[in-house]
Amino acid sequence: MSSAPEQESVSDVRGEDGGRGGQHGRGGPGGTARPVGTEGPDAANGTEAGHGAAPVNGHRVRVPPAREAGPSAAPDADIRAAPPPVPVRPGSPQPLGARFRTGPDGVAGTNFALWAGGAESVEVCLFDDEGRETPHELTELTHEIWHGFLPGVRPGTRYGYRVHGRWDPWTGARWNPAKLLLDPYARAVDGEFTLPAQVYGHVRDWPQQHIADTVRDDRDSAPYVPKGVVVGDADPEEGGDEWMDDRRPKTPWSDTVLYELHVRGFTMRHPGIPEELRGTYAGLAHPAAISHLTRLGVTAVELLPVHQFAHEDHLLRRGLRNYWGYNSIGYFAPHAGYAATGTRGQQVGEFKRMVRALHDAGIEVVLDVVYNHTAEASELGPTLSFRGIDNRGYYRLSDGRHYADYTGCGNTLHVVQPNVLRLITDSLRYWVTEMGVDGFRFDLAAALARSMHDVDMLSPFLAVIAQDPVLRRVKLIAEPWDVGSGGYQVGAFPPLWTEWNDRYRDTVRDFWRGAHPDVRDLGYRLSGSSDLYAWGGRRPYASVNFITSHDGFTLRDLVSYGYKHNAANGEGNRDGTDGNRSWNCGAEGETDDDGIRALRRRQLRNMITTLLLSTGVPMLVAGDEMGRTQGGNNNAYCQDNETSWVDWSLLEDPGWRALATLASRLIALRRDHPVLRRRAFFSGRPQRPDGLRDLAWFTPRGTEMTEADWYAPTPSLGMYLSGTDIPQRDPEGRPVIDDSFLAVLHTGHRPAGFTLPGPPWADGYELVVDTSREDQDGPPGTTLPAGTRLAVPERSVLLLRVVAD
């Protein structure tokens, strides 16, 4: 027998309407509760009907009382209304979700359809403005989809599901009708997840935590959880598919410059955005926000997660919140916390208007999406949606009871299951065709590419994406790893995909902190990472080049801190990586030393210049172009405050304003010169008989690098890009001819000489960018003859344009 004290159970949890103590609650919607002790499906499955008891090590344990005396019992009071006399019509199993429409008899209403494989019955529960609940049983079952049509239910109506079935955690069965569940296909969500004990399907605070997930909690969760909202179909004026497709920027991958930003953090401190719009989709659509993006010159924003997400319990207990949003629970719903206009469906139109405004400015919208796991966490997590609908159908289970965790977040969606795969692809198509977005960055994409266990590039998920007529034409970016065995897959995704290239990040960081003895790896990264991507028809733009992202140090912190400072996260500074590849330039954190401050700004110019001159798709992080700092926090996922928000006052500082100007100049230079954004890998050969090699590498002596030179320690590298040997043609079929450039990168702590290559490479050069200079308002404009022994300042990048004789 368990050593935990036995506690009495109350069978009637909900009062006179039938209670929640039994496995099926009321014995069927609108019916009579099964009396305590009555034999039924629960007893057949080893559970005492009406007591929520479950066998543990051959014994039984009981749930705590469903009601507790005193004020804490108030939320569990009866709030149900009598079912309406109008019967539920059969409706249709397609499409899934809640869809407002007019029936064949001309009566308007909403069709509800929920896939719940293995469930024994399903109720859709409607809620009025006072929170009163009206249940309706969905009696129609077609191919494991429960469905029904409710006349008179219009957009704005709040709803949720109660799903009935067995409670047998040892085999993965975790149905609990006391828990109101969010529709996986809900297109809007009203309310916020606060995660009190009542929203857990098991007894969260059971004394023996190792078996807590097996003890069912029969308290009603409806008063504590958000509700889905019925949303009308897309209005073309709000951005339907046809309108959106006509207005999409459709920027080619080779011309793309990504800008990773957080809807809330980018707008919260912007002085030009009205206060009531800050932190919202409407704030990002405001001209003040868009003008910065267009002035900078980026072609696409990559938004941190905007799917409806929940805050983790351990954060709420510490008074913190999930800021990044990598904790999704609603894959069709724009996160309600970012809406300025309302959360009863208004967030959908607000999001569409934001996309419209960005498209009108020529900026694409890419969403960072989290289909690898959900906010329900491990078996000890809350029951919010998927777990209560069909735990075994939605999640990968390792032994029936526990979850296979390839994500580090407690669970992994079972993408091999057809209905889970359908959920993901339906969600992706919805965001493209009805919300207007232009692409996706898939968090921990290797977890999605796993078949039964191993990562498989022929997996169902990747195969479905490749043949889908909607999804194969949008931008697809993989974060090509997960935390499971064999999860690191950089360079392995198929040709439709681009990838976050962490090899680029690490190499560039190491080079500029002086940690590389030679420049072999740097050469690959600057020229498109052909060692990773030159196979299967992939192109250089398969590599998304980045030095920083939301996860880790900001660019300024990368040159200001030698180690992380995450105490504010409340985890004893144990969270976040220790492998930052950073260098603090001689002092930890902020300093009044003018020399160190100048060096740090120079290092930022070096890294931004390197990024924007590299072949591939560059990605900047919002605020890096103006010196944003997080005070050394390299894991600010729970810092929804000024630590994470972009500080626009930095642009009032001439030094940080000059950095933003340099970034803008380099993006414009990239846009104007196709040699800097090639669509094909370098071949090292001329494109015509009288041409030069399309790419050449030079030593500081002005000679081409030999095999031995690549292995010799050196702080300097010269990269020559031939603009007359670009293997592409313009729309009329003519060869693309551009200027040629020489980039000299020097990471030494002393100035060094570099001899400019002579004929046939060039007769002279014009200096275009010199990162040793803080003022970059205009090009240096210095012309130098070939053969000149150029003095390269310490820790700097020089970009020179070849000039005609």
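Visitor: What must hold before two strands count as paired?

Guide: Two strands pair if DSSP finds at least two bridges between them. In general, the strands of a sheet pair through backbone hydrogen bonds, either parallel or antiparallel. In this predicted model, 4 strands form an open sheet with antiparallel pairing, in the order 3-4-8-7.

Visitor: Why is one side of strand 3 and of strand 7 left without a neighbour in the sheet?

Guide: Strand 3 (97-102) and strand 7 (140-142) stand at the edges and have a single partner strand each, so one side of each lacks a neighbour in the sheet. From one strand to the next, the twist averages 25 degrees.

Visitor: How many bridges join strand 3 to strand 4?

Guide: Strand 3 and strand 4 (residues 108-115) run antiparallel and are joined by 6 bridges. Within this pair, A98 stands opposite F112 in strand 4.

Visitor: Where is the pLDDT below 50?

Guide: Where pLDDT is low, the predicted coordinates should not be read in detail. The protein averages a pLDDT of 88, and 87% of the residues score at least 70. Over residues 1-85, however, the pLDDT is below 50; this stretch has 186 contacts in the model beyond near neighbours in sequence.

Definitions and conventions. Residues numbered from 1 in each chain as written. Predicted model: local features only at pLDDT ≥ 70, side-chain atom pairs only at ≥ 80, totals over all residues. Heavy atoms only, no water. Helix = DSSP H or I, 4+ residues; strand = E, 2+ residues; numbered from the N terminus. Axes fitted to C-alpha atoms, helices over the stretch in contact; angles between N-to-C directions. pLDDT = per-residue confidence, 0-100. Contact = heavy atoms within 4.5 Å.
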